[in-house]
Amino acid sequence: MAASLEIPSRCVIWFGQPPAAERGALAAAGWQLRCVSPAPAMAIGLRGRDHLVAVVDLRHLDAEAAQLLLPWIEKHHHLPWLAVLPAGLGSPPPAWGALLRACQDQFSLPLELPDLLSAMQRQCDGDDVPLAATHNGGGLPALIGNSAPLLAVRAALHKFAPVELPVLVTGETGTGKELAAQALHALSGRAGKPFLAVNCGAIPANLVQSELFGHERGAFTGASQRRIGLFEAAHGGTVFLDEVGDLPADAQTSLLRVLQEGTLERVGSNQPLRVDVRVLAATHVELEQAVAHGRFRRDLYYRLNVLRLPMPSLRERGADVLLLAEHFLRAFRQRHAGRARGFDPGAHQAMRGFDWPGNVRELLNRVQRAAIVAEGELISAADLDLVEPDAPARRALLQDARGQVERDVLLQALRQHGYNVSACARHMQISRVTVYRLCRKHHLELPAQR
Ligand SMILES: Nc1ncnc2c1ncn2[C@@H]1O[C@H](COP(=O)(O)OP(=O)(O)O)[C@@H](O)[C@H]1O
Ligand SMILES: [Mg+2]
């Protein structure tokens, strides 16, 4: 499975005591083990960031202990529950009936240990992972990929998460900025407290103040009730301001005050209120330009930009595109019936060669669509809609301009358009994928392929 961020915090709560060999196998598969012996009124601290699986080991629990577990299972029904039975057991004793019904599946250990491990693993794959406390930001999201740029992101996440400072997440659309913000929250001491995200550009400018900071009854026409804003609602937790560059001027001032003094005023009140929130912000544009043009407060920019987390584009991430595609297909298959269960070599090649202007989000959409339209078991480049259009101009170009001619044409076009691939592609009436491919073929270096 792809290296992913959640590995250090995958945790299995094991009711009972697995023998050493099983402990070893669990550790080798990346599971942290917490052994618990059932007791009346037991309370187990669950951290919101953990991917949790609960295992009831009926090899060692007596019937009484098993009964103690039932209320606990009910209380934590959002967890995946699996049962372990002794190998060679005929039919389970009736006393276990209620318990076994509460578990999703059962395994006879040690014989079925590999099956148990893969069942646990399945619970941690895909988007529909049951997590502890999904209401507080979804737990630690899986960040798929192990390319060098993504390893750098993961390292930065771990470094920045515990620091109580704002983080400015930058990057093109669909690169996972929001996912990174969720991970920062889930890895921080604020995990378990609210994570509230808002897209600053999506709220009408005249409502931003009230959305973020709340309003008093009668503060403006239509304010018939007092309303708590996002920052107050997130008290103790994290606010994620997406597209922070779109924040109107008055809201910028209020945000600066939250960052500097830790206080806010609801619209229509001059009573300062203390709030304890960590602010994470994202932008897909260069905020520096907005500052230079006077659209964004310089002092606010400095406050937000203490820690900076640039998200790499998908085309910089090499083979990650294939890991992600497989991850998305697997997640899709868990929810929908479909024939497609993999990708053919042409699809692999097309995905590696494509430019991915919409980054991971575009990949997700294409994979889901392909999983629906694919006729066979393997998704093709055509299913992904990555087959280049067979434009006559392109055919003519490729047929006529062979070898040196082709190279000259390409080089001339690149130079003419300042090595802008999109412009060059338009000019040559070929796709950008083809431009990249031809550049590779003719060993033409594109300055910073972005
Ligand atoms: N490394 C990754 N692993 C798994 N899914 C990812 C990854 N990066 C992005 N995604 C998914 O891609 C989609 C877009 O990510 P998002 O965080 O909304 O991007 P942005 O905020 O930069 O536009 C989401 O569905 C997200 O879950
Ligand atoms: Mg986003």
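**Ligand 1 and the cysteines**

Reply: A backbone N or O atom of Gly 174 lies 2.8 Å from an oxygen atom of ligand 1, a polar contact being a pair of N or O atoms within 3.5 Å. This is a predicted model, where local features need pLDDT of at least 70, side-chain atom pairs count only at pLDDT 80 or more, and totals for chains, interfaces and linings use all residues. Residues are numbered from 1 along each chain as its sequence is written, chains are lettered from A and ligands numbered from 1 in the order written, and side-chain values use heavy atoms, without hydrogens and water.

Me: What lies 3.1 Å from a polar backbone atom of Glu 178?

Reply: An oxygen atom of ligand 1. For Gly 176, a backbone N or O atom is also 3.1 Å from an oxygen atom of ligand 1.

Me: How much of ligand 1 does the protein bury?

Reply: The protein buries 86% of the 550 Å² that ligand 1 exposes when taken alone (Shrake-Rupley method, 1.4 Å probe).

Me: Where does ligand 1 lie relative to domain 2 and domain 3?

Reply: Between them, because domain 2 (148–310) and domain 3 (315–379) both give residues to its shell; the bounds come from an automatic or database domain assignment.

Me: Switching topic, how many disulfides?

Reply: The count is zero, with a disulfide taken as a pair of cysteine sulfur atoms within 2.5 Å.

Me: Cys 11, buried or exposed?

Reply: Cys 11 is buried, at 1% relative accessible area, and Cys 200 is buried at 2% (buried is under 20%, exposed over 50%, partly exposed in between; 1.4 Å probe, protein chains only).

Note on methods
Polar contact = N/O pair within 3.5 Å; in protein donor to acceptor, adjacent residues only side chain to side chain.
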